Number of protein chains: 2
Amino acid sequence: MASSEPIVPSSRVAANHAATRTAAGRLRVAVPSVADRVADELRLQLAEGALLPGTRLTESTIAEDLGVSRNTVREAFVELASERLVVRHPNRGVFVASLEAGDIHDVYTVRRAIEVSAMRAGGSPENVAAVRAAVEEGKRAAAAGDDEALGTANQHFHGAIVAMAGSPRLNSIMGQVLAEMRLFFHKATVDAQFYHHYLKDNETICLALESGELDRAADLLQAYLDRSEDNLSEVHGEAGTD
Amino acid sequence: MASSEPIVPSSRVAANHAATRTAAGRLRVAVPSVADRVADELRLQLAEGALLPGTRLTESTIAEDLGVSRNTVREAFVELASERLVVRHPNRGVFVASLEAGDIHDVYTVRRAIEVSAMRAGGSPENVAAVRAAVEEGKRAAAAGDDEALGTANQHFHGAIVAMAGSPRLNSIMGQVLAEMRLFFHKATVDAQFYHHYLKDNETICLALESGELDRAADLLQAYLDRSEDNLSEVHGEAGTD
DNA sequence: ATCGAAGGATTGTTGAACAATCTGTAAATT
DNA sequence: AATTTACAGATTGTTCAACAATCCTTCGAT
């Protein structure tokens, strides 16, 4: 189930390469710890759908698979739990998180707050260009019939919107929220129609943004998110087979 | 510096008493793990100002002080780092986080997004009553000349605003942000005037909320946060003695 | 069928060990 | 004198092994 490589590579996922500054002022690139690489590897497998919601993650198994100690796996679990990607049940183990109906609403509440706020504040020309780029990326993916890429492009679109605020904390929150949603998509196997439906909306919102009509763009975005939540809630009703 | 009690009590801070459900459906109250209690204890000391920003937290020292093993302290550190209350410098140690000028702006960006959004959506009568209660709590504290309580009341006020959204995730984000700000206040020793100045604003905002003028209340809140950020940035300029 | 008592498995936590890395100091060099 | 180098001490990063506590399952008794 997990990779059989003895040691986890350190560059597959965009890691938090925190650059520190030593006492003398020399710049020092922080090498990711083993625990971080384990967390990265698990995050990757979660994003790819290799580990589906509800799956149990046994410490010893993962430790062996990745060739690290149990304690190290444990540290990674604490981190992933704080990102809500896994849930820790005391004395029972950790499980891949699974979004319930209430969670979907909650996630969208966060997205509405963050995305709409970022949109209302607008961003630099470069930021706006990044939003446009994500829209075009989506069009290309749709033309090529690549549904996987279409979903990715959509996430880029919303990520670019939040990035306009230029806030590391908002970016990180948004990243976590999108990671949570990815988890859900793999469980529910949302069909491609889901994304195609929103291609035009993205274009419209982007146009409003580019013409400086921030309030209108924000309202459109809000409506978009409301509709998106409704759609996903329906999907959830069908998917909840447990 | 740290408590000399051999074991950390488990009830001093509002812990995440995650209630699990066993296979048979029986409800099970999760007893906080030692690592969680260590994290709670450190959170408490950080909130109380017993550990000032920049302070180094040595693993072995804390392990001895609290009578737990280094590995357990380590787990607590991972958690606190994910909340940005401490910063981990690889191979150098963990330090109590310290808000720089950019961080203050960033924190307020998050607050604007979350609080204003919650205010625009409004809340149930109970939620509004909680906001009112926080306002009155602040008045009482001011009348009693208790500056500490005044600051707490102010945080309750903003916490209650976010709570209107009824979103666990937003509440948790807001909790973290407020914890970060508490850290800053202890370093900068903001004077009492800072809070007194905002007593009237809280009242005004609360009135607008109670009369159902959500958009106006949201605008007032936004202006409030802008001003608050400016004030704090000034304070930061004076406080940054390093 | 319900209940309770083993048994096995997994987690929670500890303690010790060791390599890697950092910090500060003292010696050596220019 | 200033800079570099070398070294020793301390702390972190990680592993390993052990054991108690807890959970889940199975088996047996009622």
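In which loop of chain B is the place of Arg84(B)? The model, which is predicted, puts Arg84(B) in the loop between α3 (70-82) and β4 (86-89) of chain B.

## Backbone features in chain B

Most residues other than glycine have a negative phi. Arg84(B) has a positive phi, near 65 degrees, and is not a glycine. The relative accessible area of Arg84(B) is 33%.

Asn91(B) belongs to the loop between β4 and β5 (93-96) of chain B. With a relative accessible area of 84%, Asn91(B) is exposed, the threshold for that class being over 50%.

## Overall organisation of chain A

Chain A contains nine helices and five strands. Read from the N terminus, their order is β-β-α-β-α-α-β-β-α-α-α-α-α-α.

Of the 242 residues in chain A, 45% are buried. Among the contacts in chain A with a separation of 6 or more, 72% are between residues 24 or more positions apart.

## Surface of chain A

The accessible surface of chain A amounts to about 11,700 Å². Carbon and sulfur atoms contribute 52% of this surface.

A patch of negative charge on the surface is formed by Glu48(A), Asp146(A), Asp147(A) and Glu148(A). Glu148(A) is part of helix α6, which spans residues 147-163 of chain A. What is the relative accessible area of Glu148(A)? The value is 62%, and Glu148(A) is therefore exposed.

Side chains of opposite charge can pair when their charged atoms come close. Over all chains, the structure holds 42 salt bridges. One of them joins Asp201(A) to Arg227(A), with the closest N and O atoms 3.3 Å apart. This pair links distant parts of the chain, as Asp201(A) lies in helix α8 (residues 193-210) and Arg227(A) in helix α9 (residues 214-239), 26 residues apart. Asp201(A) is buried, with a relative accessible area of 18%, whereas Arg227(A) is partly exposed at 34%.

In chain B, Asp201(B) forms a salt bridge with Arg227(B), and the closest N and O atoms are 3.3 Å apart. Here Asp201(B) is in helix α8 (residues 193-210) and Arg227(B) in helix α9 (residues 214-239) of chain B, so the pair, 26 residues apart, links distant parts of the chain. Is Asp201(B) buried or exposed? Asp201(B) is buried because its relative accessible area of 17% falls under 20%. Arg227(B), by contrast, is partly exposed, with 33% relative accessible area.

## Further charged contacts

Arg216(B) and Glu213(B) meet through their side chains in a salt bridge, at an N to O distance of 3.0 Å. Arg216(B) is partly exposed, with a relative accessibility of 40%, and Glu213(B) is likewise partly exposed, with 35%.

Which residues of chain A are linked in a network of salt bridges? The network consists of Arg132(A), Glu136(A), Lys139(A), Glu203(A) and Glu210(A).

Terms used: Residues numbered from 1 in each chain as written. Chains lettered and ligands numbered in written order. Predicted model: local features only at pLDDT ≥ 70, side-chain atom pairs only at ≥ 80, totals over all residues. Heavy atoms only, no water. Helix = DSSP H or I, 4+ residues; strand = E, 2+ residues; numbered from the N terminus. Buried < 20%, exposed > 50% of the residue type's maximum accessible area, 1.4 Å probe, protein only. Contact = heavy atoms within 4.5 Å. Areas by Shrake-Rupley, 256 points an atom, 1.4 Å probe, with all protein chains shown as cover. Patch = residues over 30% accessible without salt bridge, like charges linked within 9 Å, V, L, I, M, F, W, Y side chains within 5 Å. Salt bridge = Lys/Arg side-chain N within 4 Å of Asp/Glu carboxyl O. Lys, Arg positive; Asp, Glu negative; His and termini not counted. Charge placed at Lys NZ, Arg CZ, Asp CG, Glu CD.
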